Amino acid sequence: MAAEKRVVATQETKGFTTQDLILIAVLLAAGAVLKLTVSSFLTFAGMKPNFMIAMYCLAIILTRPNIVQAGIIGLITGLISQIPLLNATPLVNLGSELVGAVVCGILVLAFVRIAKENFAAQNVAFPFVITFISTVFSGYTFALIVGCAMNGLGVAEVFAVYAVMVLGTAVMNAVLVAILTPIIKKALKRA
């Protein structure tokens, strides 16, 4: 039990390894390429996977950074989203991706602590639940900035108007990350 606590404490304070940094960079680059190429083909009723969110969630799940490191991953994602054709609303993604990544980081650390004794159950629900919740936070942060701050809508209106799009995108992202997590873990030989 004491050894397990030391492992969690070490994970919370560790820096990224070179392999972690390469993995994060590759996943964020893949998210940008997928968003530019296949994202519009997967649109259904205004919903489509947001590959940028899915890939930073996958990166955070696989590398298990501390909260500050997760926030930095979110900020980098927001900066990448400023590339023309990836973003129709400049600078809004900086805030929404920061929020989504921090939520993802908090949830990863919480899941690791809670589900450590039942690791098999953690592997089943872990990526789906974390990605779904993180996407909802990111999506609604984006919606609130665009709807309330930029267009003067009320909070209730924003939540209602964006519900199908945010929740649909959250489900699509969660399924994608749930499928990719065990495949990439196995390829990288990570626990």
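Throughout these legends, contact means heavy atoms within 4.5 Å. The model is predicted, so local features need pLDDT of at least 70 and side-chain atom pairs count only at pLDDT 80 or more, while totals for chains, interfaces and linings use all residues. Residues are numbered from 1 along each chain as its sequence is written, and side-chain values use heavy atoms, with hydrogens and water left out.

**View 1. Ile130 and its partners in contact.** Not counting residues up to four places away in sequence, Ile130 touches Ile61, Cys104, Leu107, Val108 and Phe111. Ile130 is also one of the residues that touch the most other members of the largest nonpolar core. The others named with Ile130 are Leu27, Tyr56, Leu58, Ile60 and Val108.

**View 2. The largest nonpolar core.** A nonpolar core is a set of buried Ala, Val, Leu, Ile, Met, Phe, Trp, Tyr and Cys residues joined through side-chain atoms within 4.5 Å. Buried means under 20% relative accessible area, exposed over 50%, and partly exposed in between (1.4 Å probe, protein chains only). The largest core holds 26 residues. At least two of its residues come from each of helix 2 (18–37), helix 3, helix 4, helix 5, helix 6 (119–150) and helix 7. Helix 3 gives the largest share, ten residues. Another core, of nine residues, lies apart from this one, and includes Val92, Tyr140, Ala143 and Val166. In soluble globular proteins, nonpolar side chains tend to be buried together.

**View 3. The whole chain, for orientation.** Seven helices and zero strands make up the secondary structure; helices (H or I, at least four residues) and strands (E, at least two) are DSSP runs, numbered from the N terminus. Of the 191 residues in the chain, 42% are buried. Among contacts with a separation of 6 or more, 73% join residues 24 or more positions apart. The chain has an accessible surface of about 9500 Å², and carbon and sulfur atoms account for 76% of that surface. Accessible areas come from the Shrake-Rupley method with a 1.4 Å probe, and for residues only the protein chains shown count as cover.

View 4. Thr169 sits in helix 7 and counts as buried, because its relative accessibility is 12%. Pro49 is 120 residues away along the chain, yet the two C-alpha atoms are separated by 5.1 Å. Leaving aside neighbours within four places in sequence, Thr169 is in contact with Met47, Lys48, Pro49, Asn50, Thr135 and Val164.

**View 5. Leu98 on helix 5.** Look for Leu98 in helix 5 (residues 92–114). Leu98 is partly exposed, with a relative accessible area of 31%. Beyond its neighbours within four places in sequence, Leu98 is in contact with Gly71, Gly74, Leu75 and Asn93. Phe137 is 39 residues from Leu98 in sequence and 10.0 Å away in space, C-alpha to C-alpha.

**View 6. Asn66 in a loop.** The loop between helix 3 (51–63) and helix 4 (67–80) holds Asn66. Asn66 is buried, with a relative accessible area of 18%. A polar atom of the Asn66 side chain lies 3.1 Å from the backbone nitrogen of Val68.

**View 7. A nonpolar surface patch.** Phe128, Val171, Val175, Ile179 and Ile183 make a nonpolar patch of about 410 Å². Its residues have over 30% relative accessible area and no salt bridge, with nonpolar side chains (Val, Leu, Ile, Met, Phe, Trp, Tyr) joined within 5 Å. A salt bridge is a side-chain nitrogen of Lys or Arg within 4 Å of a carboxyl oxygen of Asp or Glu. Helix 7 (residues 155–188) gives the patch its largest share, four residues.

Notes: Patch = residues over 30% accessible without salt bridge, like charges linked within 9 Å, V, L, I, M, F, W, Y side chains within 5 Å. Polar contact = N/O pair within 3.5 Å; in protein donor to acceptor, adjacent residues only side chain to side chain.
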